Amino acid sequence: MCGIVGYIGSRKAADVIIKGLRRLEYRGYDSAGIAVNHNNKTSLTKCKGKVKNLETMLDESNTVGTFGLGHTRWATHGIPNDINAHPHQDKSSKFTLVHNGIIENYSSLRQLLSDAGIECVTDTDTEVLVQFIGYIYKKDHLDFAEAVRLALTKVVGAYGIVVLCEDEPDKIIAARFGSPLVLGIGKDEMFVASDTSPIIEYTRNIIYLDEGELAVIKKSDYEIRNIRKNHIVDKDIEKIEYSLEQIEKGGYEHFMLKEIFEQPNSVSDAIRGRINYNDGLVKLGGIQDYVQNILDAKQIFITACGTSWHAALIGGFLIEELLHKSVKVEYASEFRYRRTTVDSESVVLAISQSGETADTLAAMKKAKSLGALTLGIVNVVGSSIAREADAGVYIHAGPEIGVASTKAFTSQVTILSLIASYLAQKAGKDRTKVQTLLDECKSISNKIDSVLKLSDSIKTIARDYQDAKNFLYLGRGYQFPVALEGALKLKEISYIHAEGYPAAEMKHGPIALIDEEMPVVFLVTKNQYDKVLSNIREVKSRGGRIIIVSSQENDELMEYSDHIIHIPSTHNLLAPILMTIPLQLLAYHIAVLKGCDVDQPRNLAKSVTVE
């Protein structure tokens, strides 16, 4: 959840760290801090608020060192303020630490420290950890690395940490259990970060730390050990595949708008090389070795959180329709804790943009422990879910920086369409329907581009609704998850209360909310036209303000709507992709008109790596 950057080399560390924190700010922006070591002394600067606040505080004389660490926070333990901001230090100020995760046994560790005469001054679990490291270091007369390692063997919870020690100023230590960390290997310099975005400007050579690993990092060398067993681990050096330009705004006002407009390419990239249009066959190399296992499975589960859960709902519909197999879609946060029927005859698909979502990763591990075949659908190559899954498919959406997911969602739906088609072809089911869907994939990117050209007209519509207090989104069938996603986007970035419902469920409660102040967004497709039209009439008769998104153009819809957004027609199973984009644009324009921080909405972070 939080963003971590560490550097050791010959550059001015503060410059590398601050630039990296800016790129990681989507992970958390409640507070920020930096620690730089110079002449064996650590200079610490931290504050409440965003990285720009930290930059204004930095004293040039205190940031001339060539190694250090930084942190941008999403608060868990302790309110966002100056004192709770990371980095934290132990009582002696020898140890300085930044942390992403939650230390679950911090209360008992805090009591142990108190009994030893060490009182914590912040409300954070992170300070408890660094004080504990300092306590062990002094009590047991250990070296830096062994003190950190031994402390971590006593810790319960999740962490990604980076630590400095004034007594051994030639090294940085990083460790990971549950929260991602990646090393960047340069020429006589080393980097460590929560993800690759702070590293790519300097090197493409990286190593992903796996669960329970600790790295001792020097300027020109590194060693990785298993925390529990304390043996050296050999790791492969991998390459960052995306470009620096992909994580810059590229002239757009916000990352979210850039990513909305990247969808013709991101959807195309999800499809590229996976459909042979000459023979009409889908090829998914990531799961081809497990096709028969999937087809023979008695149960199929899909698990995810947030936006990915909405994609999972659509995926469940797709697999049921094309493969004729029952699919159960579950929130990962519920699935991981409740008793399930998952067993060795089950398949569990885990969907996550980042591949690091804590609940989804835990749900997948649970399924694996019960003997299920696990498949990952993720965006980030080398992520935890990608490495943990038995097999899977990358969505290839490219880096997504905006906290509110846009292009990842449509790419997930695209991949789920391909998976359902692939399985149906292997099972010999619905050949004509599958072929029609695949043929439509040829033109889907061009149709997305046509929808994006409606941005200005949607902005005009947004002006009429920027002061609304509530919204209702309604759709049937495949458009019900789209209604959920549209409502979520509006809530996330504009702070307007919004709910998504199956259109027919409106009569079972939500209709009581409708009056002349309530905007209602209807998603109208050809195959559900008559049923949804009756719901539109019900809202109209009660004075509701109606926005319609539809591929249908007729006088009837014009008569009932206050605003109508016409989109191109497409195959029913691909319609959620086109339907979603106007809702993304509507949420975006309303949020901008309200003056909201679109890329960094309050209380949210991009990748939820803690419970």
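This is a predicted model: local features need pLDDT of at least 70, side-chain atom pairs count only at pLDDT 80 or more; totals for chains, interfaces and linings use all residues.

Visitor: What describes two packed helices in general?

Guide: The angle between the axes and the distance between the axes describe two packed helices. Here, the axes of helix α17 (residues 479-494) and helix α20 (residues 575-593) come within 9 Å and cross at roughly 20°. Angles under 35 degrees count as roughly parallel, and α17 and α20 are therefore roughly parallel to each other.

Visitor: Which residues of α17 and α20 meet?

Guide: From α17, the residues are Q479, V482, E485, G486, K489, L490, I493 and S494. They meet A575, P576, M579, T580, L583, A587, Y588, I590 and A591 in α20. By class, this contact of α17 with α20 has 11 nonpolar, four polar and two charged residues.

Visitor: At what angle do the axes of α13 and α14 cross?

Guide: The axes of α13 and helix α14 (residues 431-441) cross at roughly 145° and come within 10 Å. In this case α13 passes α14 in a left-handed crossing. L418, S421, A424 and Q425 of α13 make the contact with V434, L437 and L438 of α14. By class, the contact of α13 with α14 has five nonpolar, two polar and no charged residues.

Visitor: Let us turn to sheets. Through what do the strands of a sheet pair?

Guide: Strands of a sheet pair through backbone hydrogen bonds, in either a parallel or an antiparallel sense. For the parallel case, consider the open sheet of five strands in the order β23-β22-β24-β25-β26. Which strands stand at the edges of this sheet? They are β23 (497-502) and β26 (563-566); each has a single partner strand, so one side of each is left without a neighbour in the sheet. The twist averages 15° from one strand to the next.

Visitor: How many bridges pair β22 with β23?

Guide: Strand β22 (residues 470-475) pairs with β23 over six bridges, in the parallel sense. As one example, F471 has A498 in β23 as its bridge partner.

Visitor: Where may I find an antiparallel case?

Guide: Strand β12 (residues 213-218) and strand β13 (residues 221-226) run antiparallel and are joined by six bridges. L214 stands opposite R225 in β13. A hairpin through two residues joins β12 to β13.

Visitor: How many helices and strands does the protein chain have, and how compact is it?

Guide: The protein chain has 20 helices and 26 strands. Its radius of gyration is 25 Å, close to the 25 Å that the globule rule gives for 611 residues, so the chain is as compact as a globular protein of that length. Taken along the principal axes, the C-alpha atoms of the protein chain fill a box of roughly 80 × 55 × 45 Å.

Terms used: Residues are numbered from 1 along each chain as its sequence is written. Side-chain values use heavy atoms; hydrogens and water are left out. Two strands pair if DSSP finds at least two bridges between them. Helices (H or I, at least four residues) and strands (E, at least two) are DSSP runs, numbered from the N terminus. Axes are lines fitted to C-alpha atoms, for helices over the stretch in contact, and angles run from 0 to 180 degrees between N-to-C directions. The radius of gyration is taken over C-alpha atoms; the globule rule is 2.2 Å times the number of residues to the power 0.38. A crossing is left-handed if the near helix is turned anticlockwise from the far one by less than a right angle, and right-handed if clockwise. Contact means heavy atoms within 4.5 Å. Ala, Val, Leu, Ile, Met, Phe, Trp, Tyr, Cys and Pro count as nonpolar, Asp, Glu, Lys and Arg as charged, and the others, Gly among them, as polar. Angles under 35 degrees count as roughly parallel, over 145 as roughly antiparallel, 65 to 115 as roughly perpendicular and the rest as oblique.
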